[in-house]
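Colleague: Could you walk me through this one slowly, please? I would like to ask things as we go along.

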Amino acid sequence: MRASPLTAIYEHTNHASYEVRVRGTIYLWGSAGLASDLAFDKPLLLHIRNDVMGEIITIGTQLAAGTKTTLGTLQPGECVSIPMQKICGVFATCALESVVGCLIKE
């Protein structure tokens, strides 16, 4: 598997980084199947970057109770950082398809 230019910004880091192909709705972190919201001593940050050649994505968070909160949209090439504290998942939705780069940091 070759590294894409999207994740090249993460090459010199020792933090977890990965790419997710978004078609429909998919979790960038966590899962709807988790039974409790996760809490950390120090909140983790999920840095999200939509591919410059991708489509508009909608991002949001979910609680274990099933409540989803839509945060908004990212245009191609845009980035956002989300604190992962007292949630069970971060999701992305795309009408067509986009590749999203993710990096988890403290």
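Colleague: Is glutamine 62 buried or exposed?

Modeller: Glutamine 62 is buried, because its relative accessible area is 6%, and buried here means under 20% relative accessible area, exposed means over 50%, and partly exposed is in between, with a 1.4 Å probe and protein chains only. Please keep in mind that this is a predicted model, in which local features need pLDDT of at least 70 and side-chain atom pairs count only at pLDDT 80 or more, while totals for chains, interfaces and linings use all residues. Residues are numbered from 1 along each chain as its sequence is written, and side-chain values use heavy atoms, with hydrogens and water left out.

Colleague: And where does glutamine 62 lie?

Modeller: Glutamine 62 lies in strand β3, residues 57–62; helices (H or I, at least four residues) and strands (E, at least two) are DSSP runs, numbered from the N terminus.

Colleague: Which side chain does glutamine 62 have a polar contact with?

Modeller: The side chain of glutamine 62 is joined to that of tyrosine 27 by a polar contact of 2.2 Å. A polar contact is a pair of N or O atoms within 3.5 Å; within protein, one must be able to donate a hydrogen and the other to accept it, and residues adjacent in sequence count only if both atoms are side-chain atoms. If residues up to four places away in sequence are not counted, glutamine 62 touches Tyr27, Ala32, Thr67, Lys68, Ile87, Cys88 and Gly89, where contact means heavy atoms within 4.5 Å.

Colleague: What about threonine 61, buried or exposed?

Modeller: Threonine 61 counts as buried, at 13% relative accessibility, and its place is in strand β3. Leaving aside neighbours within four places in sequence, threonine 61 is in contact with residues including Thr67, Lys68, Ile82 and Phe91.

Colleague: New topic: which residues touch the most other members in the largest nonpolar core?

Modeller: Those are Leu28, Leu46, Ile48, Met84 and Val90, out of the 19 residues in that core. A nonpolar core is a set of buried Ala, Val, Leu, Ile, Met, Phe, Trp, Tyr and Cys residues joined through side-chain atoms within 4.5 Å.

Colleague: Which elements give two or more residues to this core?

Modeller: They are β1 (17–30), β2 (44–50), β3, β5 (79–84) and β6 (89–105), and β6 gives the most, with six residues.

Colleague: OK, now charges: how many salt bridges are there?

Modeller: The count comes to two salt bridges, a salt bridge being a side-chain nitrogen of Lys or Arg within 4 Å of a carboxyl oxygen of Asp or Glu. Arginine 21 forms one with glutamate 97, with the closest N and O atoms 2.7 Å apart. Arginine 21 lies in strand β1 and glutamate 97 in strand β6, so this pair ties together parts that are 76 residues apart in sequence.

Colleague: Which residue does arginine 23 form a salt bridge with?

Modeller: Arginine 23 also pairs with glutamate 97, the closest N and O atoms being 2.6 Å apart. Salt bridges that share partners therefore join Arg21, Arg23 and Glu97 into one network.

Colleague: How exposed is arginine 23?

Modeller: Arginine 23 counts as exposed, at 52% relative accessibility, whereas arginine 21, at 47%, counts as partly exposed, and glutamate 97 is partly exposed too, with a relative accessible area of 32%.
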